[in-house]
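Please keep the sequence and the structure in view while reading.

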Amino acid sequence: MENNIILLTDSYKVSHYKQYPEGTTQIYSYFESRGGKFEEITFFGLQYLLKEFLVGQVITQRKIDQAAKLYEAHFGNATLFNKAGWEYILNNHAGKLPIRIKAVPEGKVIPTHNVMMTVENTDPNCFWLTNFLETLLLQLWYPSTVATISREVKKLINLYLEETGDPSTIDFKLHDFGFRGVSSVDSASIGGAAHLINFMGTDTVAALTFIQTYYGNEDDMFGFSIPAAEHSTITSWGKDHEVDAYENMLAQYPEGLVAVVSDSYDIYNACEKLWGGLLKEQILARKGTLVVRPDSGEPKDVVLKVAEILGEKIGFSINQKGYKVLHPNIRIIQGDGVNYESIGEILAHLKNHGWSADNVAFGMGGALLQKVNRDTQKFAFKCSSATINGKEQEVFKDPITDHGKLSKKGRMKLVFENNTYQTKSLDESGEDILETVFENGEILKEIGFNQIKLYSK
């Protein structure tokens, strides 16, 4: 279905053009995280929104007429819709949006409570357009939140790798299992791409084409996977032939990495009697690594017990940091009940029992791509400056019932000083990091996914 920007907003915004003070010619707004679970935000997703919804001629007479008809029925009133305003954009700007957007480069990691994007109208007759776009632009919260969570998990795993193992393995320590657990293909695409800023493992294929479309080209590849079993491919053999199902996996994929879910019946028996017994020699002779996947139970306890059984049956060594590492032909991936907290619990439990973080990778689904909302990092898009009758004035809110919702005032910039990012007034010292990325229907500055990954480190 063709996008119609006039319909991509909240209903009440359709009426707002009548509500500003008489003589208003400029509305200037900004985007920030007002805090939340983590103290830093990985900014991501703006170029997608620009390319998909804002660039070029986005207003046509047909779209205006479509909106007029819908809003008349929606409100039961033909006078609420600003048809003249949209026709002004069509006739005077060739249907391109007279808007300027400045933003921090995507991938940059910014402390919360800082401006990351500003939006303002470039035509005084279109002052109402700035915050009409809030609904769409505020959806930056989703890719930015997923990228932030993914990065925080990366930091957490790195801590344990530095203490107990090999930090060079970090890129494949968190695998995206989230496609089936999200609300839409779009969510999988956007969120899955956000994860790949930090890691290289994914089963969310839609994220790969998303990156190619909006941040690269069809030859780019930023996510990788391996052959893996699901319960149906194991249980279809029957319980009495569980070992045959496993042996088939080893035969079908004689080299490289292969993952096999192993808890269809008894994960501990599978590790001790099957993988560690009947199939041990085949595992040791194989040119590659078998990754055993538990998929039920208390994650920290199950992973530890699986590691101990596989270590006893297949073998382990002690690394230079004094921690046990399974034979290189066997590893574990935990994909059930995985979130930021449980990853920390699993790695701490392994460490406390002498096992390296090298032994385990994680598959994260709903907690990565779906169990988030705008309030996870308290994202907001607020007006901070208005020009009325030729006079620019600061605009802000400060609810007596929640001072945490205090908004910023005036025109602002983001500077890097004293080894941190700070939001300042435009007239204060310091070079502005915010770049003009969109103006009057045109993208002025593009960024590739490689650069985004570099910024996020």
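## Basis of the report

This is a predicted model, in which local features need pLDDT of at least 70 and side-chain atom pairs count only at pLDDT 80 or more, while totals for chains, interfaces and linings use all residues. Residues are numbered from 1 along each chain as its sequence is written, and side-chain values use heavy atoms, with hydrogens and water left out.

## Overall architecture

The protein has 457 residues, of which 54% are buried. Buried means under 20% relative accessible area, exposed means over 50%, and partly exposed covers the range in between, for a 1.4 Å probe and protein chains only. Its secondary structure comprises 16 helices and 19 strands. These elements are DSSP runs numbered from the N terminus: helices (H or I) have at least four residues and strands (E) at least two.

Along the principal axes, the C-alpha atoms fill a box of roughly 85 × 50 × 45 Å. The protein exposes about 20,100 Å², and carbon and sulfur atoms supply 48% of that area. Accessible areas come from the Shrake-Rupley method with a 1.4 Å probe, and for residues only the protein chains shown count as cover. Of the contacts between residues at least 6 apart in sequence, 76% join residues at least 24 apart. A contact here means heavy atoms within 4.5 Å.

## Helix H1

Helix H1 spans residues 46–54, and seven of its nine residues are buried, so the helix is largely enclosed by the rest of the structure. The buried residues are Leu46, Gln47, Tyr48, Leu49, Leu50, Phe53 and Leu54. After H1 comes Gly56, which has a positive phi near 75°.

## Helices H6 and H14

Two packed helices are described by the angle between their axes and the distance between the axes. The axes of H6 and H14 (residues 340–352) come within 10 Å and cross at roughly 5°. That makes H6 roughly parallel to H14. Axes are lines fitted to C-alpha atoms, for helices over the stretch in contact, and angles run from 0 to 180 degrees between N-to-C directions. Angles under 35 degrees count as roughly parallel, over 145 as roughly antiparallel, 65 to 115 as roughly perpendicular, and the rest as oblique.

Which residues form the meeting between H6 and H14? On the H6 side they are Glu152, Val153, Leu156, Ile157, Tyr160, Glu163 and Thr164, and on the H14 side Tyr340, Ile343, Gly344, Leu347, Ala348 and Lys351.

## Salt bridges

The structure holds 20 salt bridges. Each is a side-chain nitrogen of Lys or Arg within 4 Å of a carboxyl oxygen of Asp or Glu. Lys155 forms one with Glu40, with the closest N and O atoms 3.7 Å apart. Lys155 lies in helix H6 and Glu40 in strand E2 (residues 40–42), so the pair ties together parts that are 115 residues apart in sequence. Lys155 is partly exposed at 37% relative accessibility, and Glu40 is partly exposed at 28%. Lys155 also meets Glu152 in a salt bridge (3.3 Å, N to O). Because Glu152 and Lys155 are three residues apart in helix H6, about one helical turn separates them. Glu152 is buried, with a relative accessible area of 8%.

Another salt bridge joins the side chains of Glu120 and Arg411 (2.9 Å, N to O). This pair links distant parts of the chain, 291 residues apart: Glu120 is in strand E5 (residues 115–121), and Arg411 is in the loop between strand E15 (391–394) and strand E16 (412–417). Glu120 counts as buried at 7% relative accessibility. A network of salt bridges links Arg100, Glu120, Glu392, Arg411 and Glu439.

## A nonpolar surface patch

Phe172, Met221 and Phe224 form a nonpolar patch on the surface, with about 280 Å² of accessible area together. Patches are made of residues with over 30% relative accessible area and no salt bridge; like charges are joined within 9 Å and nonpolar side chains (Val, Leu, Ile, Met, Phe, Trp, Tyr) within 5 Å. Phe172 lies in the loop between helix H6 (141–164) and strand E6 (174–176), and counts as partly exposed at 44% relative accessibility.

## Positive phi angles

Lys378 is not a glycine, yet its phi is positive, near 50°. It sits in the loop between helix H15 (366–369) and strand E14 (379–388), and is partly exposed at 41% relative accessibility. Asn419, also not a glycine, has a positive phi of about 65°. Asn419 lies in the loop between E16 and strand E17 (420–425), and counts as exposed at 68% relative accessibility.
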